[in-house]
Amino acid sequence: MIRSLFIVSFSFIFIVNGFSQNTSVYSFDELNNTIAGANDYDKKIEKTIDSLQQNLRLVRQDDLLQQYAFCNQLYENYKVFKYDSAYEYARRCQQIAYQLQDPEKVAHSSIILNFTLLSSGLFKETGDSLQSFALGNVNNTIKSEYYSLKARYYYDLADYARDNNYAPFYNKAGGTCLDSALAFFPQGSFSSFYYTGLKDIRTGEMAKAQDNFKKLLSQKGLSDHEVALVASTLSDIYIQKGSIDSAIALLVQAAIADIRSSTKETSAMYNLAQLLYKKGDIKNASKFIEYAIKDAAFYGARQRKVQLIAILPLIEAEKISQVESQKKILIGYSSIMTILLIAVIFLAYTVYKQVSKLKLAQKIISEASQKEHEINEELALTNNKLSEVNNKMSEVNYKLSEANKIKEEYIGYFFNANSEFFNRIERFKKSVEQKLTDRKIDEIKFLVNHINLRKEKEDLLKNFDKAFLKLFPHFVEEFNNLFKPEDRIQLKDGEILNTDLRIFALIRMGIHDIGKIAQILEYSVNTINTYKTKIKNKSLVLNEEFEQKIMQIETISTS
C-alpha cells in the first residue's frame, strides 16, 4: 500500500512536469505603458491644434502673412498626425502663397503639400507634382527640403518595387537628390547627420552608417520624433546584419518615441510586429500590428494600411494555431487528472476493503484469544506443563495484538493520507477546469510548476517517522543502547529519524524483504545492504543477533 501511494503521487508530478513548457519572452513593459497613455499624448497635440485654430479664426482676412504662419504651424502639427487635415492646411498655405506672390512661400507650400501626398501613399500624385514643380531662386533651407523630399520619393518607390528592374534606377535617382540636399543642409545639423547616414545605407556602407546613427542617437536634445526616426532607421541596419534582438530593442524605443510625439505615420510598430511574428511571439505581434493598423487608419496612410493588412492574416492564423495547440495540452492535463482521480478512488476502495477484513480478523482473533484464555485457566489448575503452553500462547497473543495495533495504526494513517491526497487532487482538478473555462493558460502553468516533489517526498517520510515513533516511542533510545557511545546515532536538528533508523524501523514493522525496503526508501538493494552491514559491524552484539534485538524493542502498551 505504501509503495502504491508513492507510485501514484510521484507519477502524477512527473507527468504534469512533462507537459510544462519553458518560454522566453521579451519585456515590453515601457512600450505597453506608453500605449496605455497614448490618448494623453494625443490630447496634448489636439489642445495645441485647437489653440492654433482659434488664433487663425481671429486673424483679419487681409493679414495674409499671419494666416500663412498659422496654417503652416497647423500643418506642422498635423503632418505626421492626420493626413487629411495636414493636406488641407498645406493646400491653404499654397493658396495664400500664390495670393502673396512670394516665390519662397510658393515653393515651401508646394513642398509640404507633396510631403503630405507622399506620406499618405499617393505616389503618382506626388510624382506628377514634383515633375511640374519649378524650384526657382529660393533660400538653401527650401532647397534642402525639396531635394530631401524628392530623395525620399525615389527611395519609397524603390522600397515599394523591390525588384531588379526599377529599384536600382529609383535608388540611384534618390541618391542624386540626396547629394543635392546635403549640399544645402547646415553643417552639424540633425538633417545633415541623418541624411548622410541614410546615403551610406543606400550605398551599402553599413558600418559607416551604423556608427553615424549611433552617435546621432546618443546626442542630447533630440526631439521624440527625431529619436524615433534615428532608432527606426538604425534598426534596419541591424535587421540586415541579422542582429534581430538589437533591432527589436531599437524598434521598441522608436515606437515609444512615436507615441509620445503622436506620430501616426510611422513604420516602427509595423516592423516590430513583423520581427516578433518571425520570432514566434505571436501574442505581442498581434497586439502591436493591431495598434499599427489603428494608427494607419487614423492618419490615412494608404500604402501603410496595405502593408499592415497583408501581414495581419498571417499573425492571426498563427495565433489560432497556438490556441489550438494549447487546447490540446489542456485536454491532456484533464485526461491525466481524470485517470489519477480514478486511481485514487480505486485505492480508497481497496483500503476500505482491507480495513473491513482486518476488523473482522481482529474480532475473530479476540474471540479465539478469549476462548484460549478460558481453556488455559482450566488446564492450569490440573497441569503445570499445560500452564507453560498457556504462557507461550499468551506471548503469541501479545505479538498478535501488537501486530494488529501496528497494522491498525498504519492503515488508519495511510487511509487518512489517501483521503487528504484525494481531496487535494479534487481541488486541483476543479481549479484547472475553472481556469480552462476562463482560458487562463498561464495560471494553469503556474499551478502545475509549483508542485514541489521534493517537499512532498520529505513530508511523506516525516509522517512515516511520526507514526512509527507513536507506536515505538523509545525506539531511538533502545537502538542506540546497542552501540558504544561514540558510535550512537546523533540526529540533526529537525530530524525525527534518518535513513539508518528508517531501515531498521521498517524491519521492526515486519518488513524483512530488502527489495521492498529499497523500493519504499527509493534506494538500490545494494545501498540498503551496505547500510545494514555498516551498522551491524559497529554494534555491541553479534551481527546475526542484531535484527533479533531490534524485533525485541516493544511498542507502547497494548493493554
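A residue is called buried here when its relative accessible area is under 20%, exposed when that area is over 50%, and partly exposed in between, with a 1.4 Å probe and protein chains only. The model is predicted, so local features need pLDDT of at least 70 and side-chain atom pairs count only at pLDDT 80 or more, while totals for chains, interfaces and linings use all residues. Residues are numbered from 1 along each chain as its sequence is written, and side-chain values use heavy atoms, with hydrogens and water left out.

The structure contains 25 aromatic pairs, where rings of Phe, Tyr and Trp (its six-membered ring) pair if their centres lie within 6.5 Å, and planes under 30 degrees apart count as stacked, over 60 as edge-to-face and the rest as tilted. One of these joins phenylalanine 28 and phenylalanine 288, whose ring centres are 5.4 Å apart with planes at 80°, so the pair is edge-to-face. Because phenylalanine 28 lies in the loop between helix H1 (2-19) and helix H2 (29-36) and phenylalanine 288 in helix H15 (residues 282-299), the pair ties together parts 260 residues apart in sequence; helices are DSSP runs (H or I, at least four residues), numbered from the N terminus. Phenylalanine 28 counts as buried at 5% relative accessibility, and phenylalanine 288 counts as buried at 0%.

Phenylalanine 123 and tyrosine 160 form a tilted pair, 6.0 Å centre to centre with 45° between the planes. Phenylalanine 123 is buried at 15% relative accessibility, whereas tyrosine 160 is exposed at 63%.

Key
Helix = DSSP H or I, 4+ residues; strand = E, 2+ residues; numbered from the N terminus.
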